[in-house]
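Here is a short tour of one protein model. Keep the sequence and the 3D view open as you read.

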Amino acid sequence: MMKIIVTGGAGFIGGNFVHYMIKKYPDYQIICLDKLTYAGNLETLESVMDNPHFTFVKGDIADREFVYGLFEKEKPDIIVNFAAESHVDRSITDPGIFLQTNVIGTGVLLDACRIYGIERYHQVSTDEVYGDLPLSRPDLFFTEATPLHTSSPYSASKASADLLVLAYHRTFGLPVTISRCSNNYGPYHFPEKLIPLMIANCLNDKPLPVYGKGENVRDWLYVEDHCAAIDLIIHNGKVGEVYNIGGHNERTNLQVVETIIDALGKSRDLIKYVTDRPGHDMRYAIDPTKIHDELGWEPKTKFDDGIKKTIQWYLDNKEWWERIISGEYQNYYDKMYSNR
Ligand code: NAD
Ligand code: DAU
């Protein structure tokens, strides 16, 4: 029986991963360690809370004493680290917490792995560590060999964590893997991010704030495909390796917003062009050849199907996101968008 600590499992991708693993491996013991920041939501885990193979533990990955205590008690086999501050815009207004959680927190987890011993430490990283690609070169893609070249405090903190992870492999022989994924979308996505924000605003007939000209390109991956890739990496991936994950689903932000507007039968007049994000990355595009060839991974969900499923999920689960946008998040929204 395998025991896995999933950090950040009350967030968007971590939550989806917890559900994915419990369904696929009913005998595994899954422990979710999450600080429950503004982005963590226990309602995401409601349906598994009473499962005897699942445990929720509230705590901070950067709290060394607490993390060591948990490792000593649980003796996990695998760590999958999703816990992070994940929103680029917040990293521009308040970088400090990104260094604390994303860098120091990762360092504490790595030390715990070293001291207590594990079979695998997996770091959930991002394609943003590669910086961006120019719109004029659609032939270019990020490979695992693309140099790190970060733009925001968020991506710089994620790149720093990746370097630490690889250093612990080389120096201490820690059995690590890293995955660098493109933009995810799907159920339980916090409504500060582009897709859920636009769905929620559309449904409430609120303006849809598009940064700059809406020309920036993201490579969208349905969250379940990301979970499947991590599952393959932790079981069959080669120790010390980095795997890029992405599905060749490139869209401009404007295309994404217009797809949502049309699917919900709203007017494109809702679009409001607002001041651009400072340092805004132009285009992300992943070359997933390595994970395809070595581990047989390929995405199952095409963007046109995934976005329909996602919109339907937000229609069916209004309580989940309405509770979020009616609470503390409203203060953030006013601060971020009122004078933009
Ligand atoms: P999220 O913001 O939805 O969730 C993050 C979770 O981490 C929350 O539950 C939060 O409470 C928890 N957390 C934050 N600080 C913590 C701490 N100090 N200790 C313990 N828990 C803490 O993020 P997400 O979008 O689900 O992203 C998860 C991971 O995947 C991140 O590492 C992110 O960098 C990476 N990633 C995200 C995307 C994407 O499109 N969302 C794409 C590629 C990689
Ligand atoms: O590429 C992976 C990354 O994707 C992850 O590492 C990050 O954690 C995740 O947040 C995401 O980063 P992005 O900055 O690409 O995602 P976001 O949803 O914030 O923005 C997507 C695009 O939409 C980006 O070009 C900015 C734009 N945007 C975003 C918001 C919130 C808007 O035009 N208007 C908005 O209101």
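An open sheet of 7 strands runs in the order S3-S2-S1-S4-S5-S6-S11, with parallel pairing. Two strands count as paired if DSSP finds at least two bridges between them. Helices (H or I, at least four residues) and strands (E, at least two) are DSSP runs, numbered from the N terminus. Strand S3 (54-58) and strand S11 (242-245) are the edge strands, and each pairs on one side only. From one strand to the next, the twist averages 20 degrees.

This is a predicted model: local features need pLDDT of at least 70, side-chain atom pairs count only at pLDDT 80 or more, and totals for chains, interfaces and linings use all residues. Residues are numbered from 1 along each chain as its sequence is written, chains are lettered from A and ligands numbered from 1 in the order in which they are written, and side-chain values use heavy atoms, with hydrogens and water left out.

Look at one strand pair. Strand S4 (residues 78-81) and strand S5 (residues 120-126) run parallel and are joined by 4 bridges. Ile78 has Arg120 in S5 as its bridge partner.

Contact means heavy atoms within 4.5 Å. Axes are lines fitted to C-alpha atoms, for helices over the stretch in contact, and angles run from 0 to 180 degrees between N-to-C directions.

| Helix | Strands touched | Angle |
|---|---|---|
| H1 (residues 12-24) | S1 (3-7), S2 (29-34), S3 and S4 | about 160 degrees with S1 |

Now for a helix pair. The axes of helix H2 (residues 64-74) and helix H4 (residues 96-116) come within 10 Å and cross at roughly 35 degrees. Residues of H2 in the contact include Val67 and Phe71, and those of H4 include Leu109 and Ile115. The contact residues divide into 9 nonpolar, no polar and 3 charged. Here Ala, Val, Leu, Ile, Met, Phe, Trp, Tyr, Cys and Pro count as nonpolar, Asp, Glu, Lys and Arg as charged, and the others, Gly among them, as polar.

Which residues of helix H8 (residues 253-263) are buried? They are Asn253, Leu254, Val256, Val257, Ile260 and Ile261. Seen down the axis of H8, they fall within an arc of 160 degrees, so they line one face of the helix. The arc is that of the directions from the helix axis to the C-beta atoms. Buried means under 20% relative accessible area, exposed over 50%, partly exposed in between (1.4 Å probe, protein chains only). Helix H10 (303-316) is one of the elements that the buried residues of H8 pack against.

Thr310 sits in H10. Thr310 counts as buried because its relative accessibility is 0%.
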